[in-house]
Amino acid sequence: MFDVLIIGGGVSGMSCALVLGSAKKKAFVSDKIIGIFTHQKISSLQEAIFNNAYGIPAGKLGSELLGESVSQLSTSYPHITQIPQEKVFKIEGEFPEFTVTTNKCIYKTKIVVIGIGAANTFAIEGLMQYIEPHQKSLPEKNRIQLRNNDHKMAEGIYVMGTLAGWRSQLAIAAGSGAAVATDILTLWNNGVQTHAHDSIR
């Protein structure tokens with residue numbers, strides 16, 4: 001049983017995982033089991049190049065960033081389980097026990113976080129009732145979002161990045177993933193507002 005499973009290895013998903021990973025020394029996080037589906041094949045970053053993203057050298061390819069983020073997570077926070085090359089087909093149950101079915105396996109988790117793209121090909125069974133037109137995308141692009149209130153869709157289910165209704169911008173997606181991570185940390189900390197900062201002190 002995972003405490004949280006993150007679906008999506010793009011910007012928002014990896015940002016969420018990195019923030020959760022960096023909180024591992026907090027007493028209320030030390031025993032938490034965290035996993036992330038790192039499938040990146042259809043990520044929009046595969047065709048991106050970055051010249052305007054804070055902290056990223058100009059000319060960085062999105063495809064390079066995707067690979068580097070997986071390596072960073074492995075090196076910095078090896079306690080987070082990475083699940084590559086699996087696609088989620090179905091989510092069933094309710095908080096605090098969800099069943100997540102992929103093309104290869106079945107997983108149990110207390111919290112689900114969805115951070116995949118906003119394409120209208122979204123087809124995760126169990127979440128289809130949350131689909132609505134994307135509020136910040138051009139109508140002709142036919143993008144969708146999942147209905148949410150400040151990233152929260154239902155008890156134990158969160159959405160982030162463009163699928164949460166945000167615009168397609170790396171910094172926005174990263175911040176969205178970090179926001180969800182800190183909401184989960186706050187939940188684990190019995191509702192006491194919290195975050196995770198690394199320090200050289």
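Predicted model: local features only at pLDDT ≥ 70, side-chain atom pairs only at ≥ 80, totals over all residues.
Helices (H or I, at least four residues) and strands (E, at least two) are DSSP runs, numbered from the N terminus.

As for the sheet, six strands make it up, open and mixed, in the order 5-2-1-9-13-12, where pairing needs at least two DSSP bridges between two strands. Strand 5 (81-83) and strand 12 (152-154) sit at the edges, and the twist averages 20 degrees from one strand to the next. Strands 1 (4-7) and 2 (34-37) run parallel over four bridges, with Val4 opposite Ile34.

On to the pockets. A pocket is an open set of points on a 1 Å grid over the protein atoms alone, where a 1.4 Å probe fits, with protein on both sides within 12 Å along at least five of seven lines; lining residues have an atom within 4 Å of a point. The largest pocket holds about 1200 Å³, a volume being the space filled by probe spheres set on the points. Its lining counts 43 residues, with Ser44, Ile116, Gly117, Ala118 and Thr162 closest to the centre. Helix 1 (11-22), strand 6 (88-94) and helix 3 (170-188) each give two or more residues to that lining.

Residues are numbered from 1 along each chain as its sequence is written. Local features need pLDDT of at least 70, side-chain atom pairs count only at pLDDT 80 or more, and totals for chains, interfaces and linings use all residues, while side-chain values use heavy atoms, without hydrogens or water.

Notes: Axes fitted to C-alpha atoms, helices over the stretch in contact; angles between N-to-C directions.
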